Structures are given as C-alpha cells and as structure tokens.
Amino acid sequence: MDYICKVMKRVLAGLLLIFFAGSLYGAPAWQFRHLNTRGGLSSNTVRSLIQDRSGLIWAGTSDGLDSFDGREVIHHSLPPLANSYINCLLEDSAGTLWAGTDDAIYRYTDSGLTREDALPAANYNCLAEDRDGNVWIGTYDSGIIRMGNGTVHRYLEGESAEAILISGDGRIWAASPTAPEGVYLYNPSADAFVSPSFDFKDTERARVCAMAEDATGN
C-alpha cells in the first residue's frame with residue numbers, strides 16, 4: 001500500500017509539474033494596448049475597424065483614416081476640404097480598400113485616397129462585396145448602390161440602409177429602418193430589394209442596426 005501511495009504521489013507531482021509548465025509556457029500571454037490620440041490615432045471616435053490581407057489594421061475615425069502595423073499609427077490624408085468622418089471600410093477581393101464618409105466613397109491606392117466620382121454625394125453607412133465582385137454600398141436617406149463592371153445601379157432611393165450582409169449562400173440582406181420587417185432581401189430575378197416576410201423569433205420587430213451570420217448559416 002505504501003508503495004502504491006508513493007507511486008500515486010509521484011504521478012500527481014508529475015501532472016502538477018506539467019500543468020504549471022503549460023500554464024507558464026503553453027498558454028498565450030495576452031497583451032492589450034490602448035490606441036488613442038496620444039499614440040497617434042487621428043481621433044478617439046472610431047466608427048469602423050478592419051484588418052487587411054497583409055495584417056494591417058485600418059481604423060476609420062471621425063477625423064480620417066489610420067493604419068496600424070503593430071508598432072506605429074500612420075495617418076492617410078483625404079483630399080483637401082473632404083469630409084473626414086469615415087463610417088465604413090471594406091477590403092474587396094482584389095485587395096482594394098474602400099472607405100465611406102459622410103459625403104463620398106474613396107478608394108485607397110499607393111497614391112492615396114481617391115474619391116469615386118461615379119457616385120453622388122451622400123452619407124455612406126456600410127459596404128459589402130458579393131460573390132461576383134460587386135460592391136454594395138448603403139447610405140442614409142439615399143438608398144443602396146451597387147457598383148460592378150463599370151456600372152452603377154441604385155435601389156430603394158430615399159430610404160436608408162444601416163447594414164448590408166452577404167450571407168454564405170450568396171443572398172444580399174440590407175437592414176433598413178423603413179423595411180416592414182426591419183430588413184430587405186435582394187431578389188435577383190426582379191433586380192429589387194423586397195421584404196422577406198418572416199417573423200422575429202422570441203422578440204418583437206425592432207430597428208436592425210447590424211447583422212452577422214454564424215457558422216451554421218443562422
């Protein structure tokens with residue numbers, strides 16, 4: 001019995017040693033860094049945040065566009081006299097960065113931010129890209145705009161879109177305060193946004209401000 005107890009104590013000591021070693025060396029050491037204007041950020045009001053394919057973090061602030069490479073914040077100036085309140089960001093499948101402000105859409109290239117002159121002046125809220133490479137742009141009170149293959153199509157003029165989601169099955173959803181069910185669904189056959197006619201489960205209809213899809217398609 002004494003021999004068994006000694007063996008069990010050795011096993012337990014070994015397991016504890018492995019546990020503490022794993023705690024010290026195996027677990028990730030989370031570090032948090034607070035970025036603000038003191039550290040170079042253009043504004044403490046950040047409306048949009050994305051990470052591009054190269055790992056850069058892009059922040060759309062109330063005073064322009066910033067990028068962060070893990071070491072320093074770099075400010076990317078908009079054209080003179082441009083509205084610098086950036087509401088939304090998108091990196092498309094070609095690697096182009098899009099930015100929507102209170103009055104225009106910009107594309108970022110090596111030469112800087114260039115205004116998309118094909119689009120009207122509007123308050124741009126959200127950006128999304130579909131399977132075909134079309135960019136869908138939501139606005140406040142100016143509807144939804146689709147850009148692709150050099151063409152511009154407009155939908156729901158006079159209405160607002162607070163969020164656009166391209167679901168895993170390719171469907172295009174738009175959250176709108178004027179939609180009967182809170183959201184619209186794009187119908188390719190009719191080339192129009194329609195009400196999907198569904199009921200909210202376990203809740204009442206409310207204003208939809210954001211949408212996300214989980215791994216199972218909900």
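Ground rules first. Residues are numbered from 1 along each chain as its sequence is written, and side-chain values use heavy atoms, with hydrogens and water left out. Because the model is predicted, local features need pLDDT of at least 70 and side-chain atom pairs count only at pLDDT 80 or more, while totals for chains, interfaces and linings use all residues.

Let's start inside. A nonpolar core here is a set of buried Ala, Val, Leu, Ile, Met, Phe, Trp, Tyr and Cys residues joined through side-chain atoms within 4.5 Å. Buried means under 20% relative accessible area, exposed means over 50%, and partly exposed is in between, with a 1.4 Å probe and protein chains only. The largest core has 15 residues. Those with the most contacts inside it are Trp136, Ile144, Tyr155, Ile164, Ile172 and Phe193. Strand 9 (123-129), strand 13 (163-166), strand 14 (172-175) and strand 15 (183-187) each supply at least two of its residues. Strands are DSSP runs (E, at least two residues), numbered from the N terminus. There is also a second, separate core of 12 residues, which includes Leu90, Ile105, Ile137 and Met147. As background, nonpolar side chains tend to be buried together in soluble globular proteins.

Now the rings. The structure holds 7 aromatic pairs. Rings of Phe, Tyr and Trp (its six-membered ring) pair if their centres lie within 6.5 Å; planes under 30 degrees apart are stacked, over 60 edge-to-face, the rest tilted. Take Trp136 and Phe193. Their ring centres are 5.7 Å apart and their planes sit at 90 degrees, so this pair is edge-to-face. Trp136 is in strand 10 (residues 135-140) and Phe193 in strand 16 (residues 192-194), so the pair ties together parts 57 residues apart in sequence. Both residues are buried. Ring pairs also link Trp136, Tyr155, Tyr186 and Phe193 into a cluster.

Next, cysteines. How many disulfides are there? The count is 0, where a disulfide is a pair of cysteine sulfur atoms within 2.5 Å. For Cys88, the closest cysteine sulfur is in Cys126, 6.4 Å away, too far for a bond. Cys88 is buried at 5% relative accessible area, and Cys126 is buried at 7%.

On a 1 Å grid over the protein atoms alone, where a 1.4 Å probe fits, a pocket is an open set of points with protein on both sides within 12 Å along at least five of seven lines; lining residues have an atom within 4 Å of a point. Of its 15 lining residues, the closest to the centre are Leu165, Trp173, Met211, Ala212 and Asn218. By class, the lining has 9 nonpolar, 3 polar and 3 charged residues.

Last, some single residues. Leu81 has a positive phi, near 70 degrees. Leu81 lies in the loop between strand 4 and strand 5 (86-91) and is exposed, at 93% relative accessibility. Leu156 also has a positive phi, near 50 degrees. Leu156 sits in the loop between strand 12 (151-155) and strand 13, but is buried at 18%. Most residues other than glycine have a negative phi.

His76, in strand 4 (residues 73-76), is buried at 12%. Its C-alpha atom is 7.6 Å from that of Leu113, 37 residues apart along the chain.

Notes
Ala, Val, Leu, Ile, Met, Phe, Trp, Tyr, Cys and Pro count as nonpolar, Asp, Glu, Lys and Arg as charged, and the others, Gly among them, as polar. Helices (H or I, at least four residues) and strands (E, at least two) are DSSP runs, numbered from the N terminus.
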